[in-house]
Amino acid sequence: MAITTTFDKETWDTLHNNGPFPLKKLHITQLEGSTNMPSKFDRYKDAATEVQRLIGIAASQNEGFRAYGARWSLSYIAHQKEHMHYNRKMNLHIPVLPENMEAGSLYKAENLFFFECGNTIKRISEVLFSHGKSLKTSGASNGQTIAGCISTGVHGSALDVGAVQDYVVGINLIIGDQPGDIVYLERSSRPALNKGFADTINSRIIRDDDLFNAALVGLGAFGFIHGVAIEAENLFLLKRYVRKIDKNIALQLADTMDFTNSSFKIPGETSTVGKPLIPYHYKVFMNPYIDDQQYVVELMYKKPYSTAYPDPFPVIETSIYRDLIYLLVRISEKFPQSIPWFIKKLEKSILPDVDEETLGTLYETFWDAPYQGPAFACSVGVDHKDASKAYQLLEAMTRKEGPIPGIFAMRFVKQTEATLGFTKFPITCMLEIDGVLWKKSEKLLSLREYGTKMIETLQANHIPFTIHWGKNSDWAFPGLVNYMFGNKATEWKQQRNSLLSPKMQKVFSNQFLKDLQLTT
Amino acid sequence: MKIRSLILIIVLIAVFSLLFSSCYTVRVRSVYGTPEPDPIGERMDYYRDMNVHEVDTTITIKATDKDFTLLIKNCNRQGIHTLEYRNTFRGILLSAVTFGKKRQVRVKYVCMEEQN
């Protein structure tokens, strides 16, 4: 039997110390060992029964219940003040066999993999590697769990792929504590696994495009995500280049995505007629506090996998004293005008080395990101055509209202089908400012106030935008979700209400959803 | 008086420099695998969210002993993900005054996460 240990807690925090937040109970479920229960299906079903028991306890106490994994989100999306469930130890991988495929499915069995919620991107990549496969994309690192990634819309900068949720083909949800409250969702237009598979995980199949797309970026509100079926692809390599280029060219590429006709080209990354190729990944770094005429850009091009390539990992890594950074931040709270100076001094540690070139798998390229101390990140999604305009507005606002201890970057993501996916534009530019968490002072505005200014600036200039669910913002800004998603927000709520009983809608709610007015 | 103060400052700087330069951390980390997480701990250092095992002891080595092996049993079959060795001024001093007989051992390690 899966065993849950419950701890009485007073607070809970994110990995990057964006809390603390109040908490009553922390539940940690450990799977039954394979010695006592050799079948993975049995262990998976056993864990589901245990989670249902915990949901039942929360429901009987008229309290909320929310799962979390690696707690990488910087917003309070993962927080629930009553019952939180740590699911990282629920990390089974269940192989998908040809006989598990729905007749007529367009997917290949060899590309489909089923993972339990607590598997991290790194672990999944290692499993896929052993099958000669790779994820299509990941975030900038690999520590998030798969359930956390899709619930919050984690993205990389893969122009032709989309975000993590965009290669999910099935979602196994626990939506209550009663028999029959375990469902396996797929799109009706793209079925993948058959009833036989769903039966082995004790689930009833629901095939519905609208419901699936709503649950895909479900903000933890569609029940407990127990497992997901994902589509992988054959292993590939990424050739990564870091260059410093004219800022007008960097921004023009952001606005047009017209790499083919750009004057910027990387030798060797051109077509047979000498035109630049469209990269797999494009990222621009911008320091808002210097009038640099050149920006650092990072481009990656997809290459066929081969075993013979130089080791992309450095042998030795060093890091600067975190205490030094904290000291600088404390100084900057009292003297904000010092921020541009210390960002300039730390630029070498923050930005990748110019003219750096590496070759590696996705797993190797977006590798571990060790904890660097309390951090913040604000990230808005805009249509790539608005990228440079949005940046110039936010840069001016940051200089005027701040400065704050962070630098900007742009990444670009293909459109998602998820109803509340923030990568909703044909190509979304994710414009983000990341840095060291600071405290409000007499001379420096708070992080939430900065988030408010971002929203107000974009609204005042009529730039349609979204906000990354897992990052910092003023989430209680009036009418925010309707401004970002319009009718889609209503559609999302309708789908949620159709799947969950009123009682379970309360169980799977939290302050984040309430602030966004997404609970009813 | 002024010369004495100056000498004192120079000596103090030299002592502090010696102390800082003799304290260092060497970490060995596997590129592959995931460190065993710690959902309860609230560390604020490199090991945040990792279940860290610490060894802080003084060992005695005989003149005939070539090396010293510490056997660990709490990583099960998963093995070690990260291992850190820390050298301190105190450790160097202890070794020096005991002619190498006593050695301070300060090691941290994190097991690989169990996979299913």
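Among the contacts in chain A that link residues at least 6 apart in sequence, 73% join residues at least 24 apart, a contact being counted where two C-beta atoms, placed from the backbone, lie within 7 Å. The model is a predicted one, in which local features need pLDDT of at least 70 and side-chain atom pairs count only at pLDDT 80 or more, whereas totals for chains, interfaces and linings use all residues. Residues are numbered from 1 along each chain as its sequence is written, and chains are lettered from A and ligands numbered from 1 in the order in which they are written.

Chain A contains 15 helices and 22 strands, these elements being DSSP runs numbered from the N terminus (helices, H or I, of at least four residues; strands, E, of at least two). The radius of gyration of chain A, at 23 Å, is close to the 24 Å given by the globule rule for 520 residues, so chain A is as compact as a globular protein of that length; the radius is taken over C-alpha atoms, and the rule is 2.2 Å times the number of residues to the power 0.38. Along the principal axes, the C-alpha atoms of chain A fill a box of roughly 65 × 60 × 45 Å. Of its 520 residues, 48% count as buried, that is, with 20 or more other C-beta atoms within 10 Å of their own, the C-beta atoms being placed from the backbone.

Strand β16 of chain A (residues 281–286) has five of its six residues buried, so this strand is largely enclosed by the rest of the structure. β16(A) pairs in the antiparallel sense with β17(A) (residues 294–304) over five bridges, where pairing requires that DSSP find at least two bridges between the strands. Within that pairing, A:His281 has A:Met300 as its bridge partner. β16(A) also pairs in the antiparallel sense with β20(A) (residues 406–414), over four bridges, and here A:Phe285 stands opposite A:Ala409.

Chain B has two helices and four strands, which follow the pattern α-β-β-β-α-β along the sequence. Its radius of gyration is 19 Å, well over the 13 Å that the globule rule gives for 116 residues, so chain B is more spread out than a compact globule. The C-alpha trace of chain B spans about 70 × 40 × 25 Å along its principal axes, and buried residues make up 11% of the 116 residues.

The contact between the chains takes 16 residues from chain A and 12 residues from chain B.

Key: A residue is buried if 20 or more other C-beta atoms lie within 10 Å of its own, exposed if 12 or fewer, and partly exposed in between; C-beta atoms are placed from the backbone.
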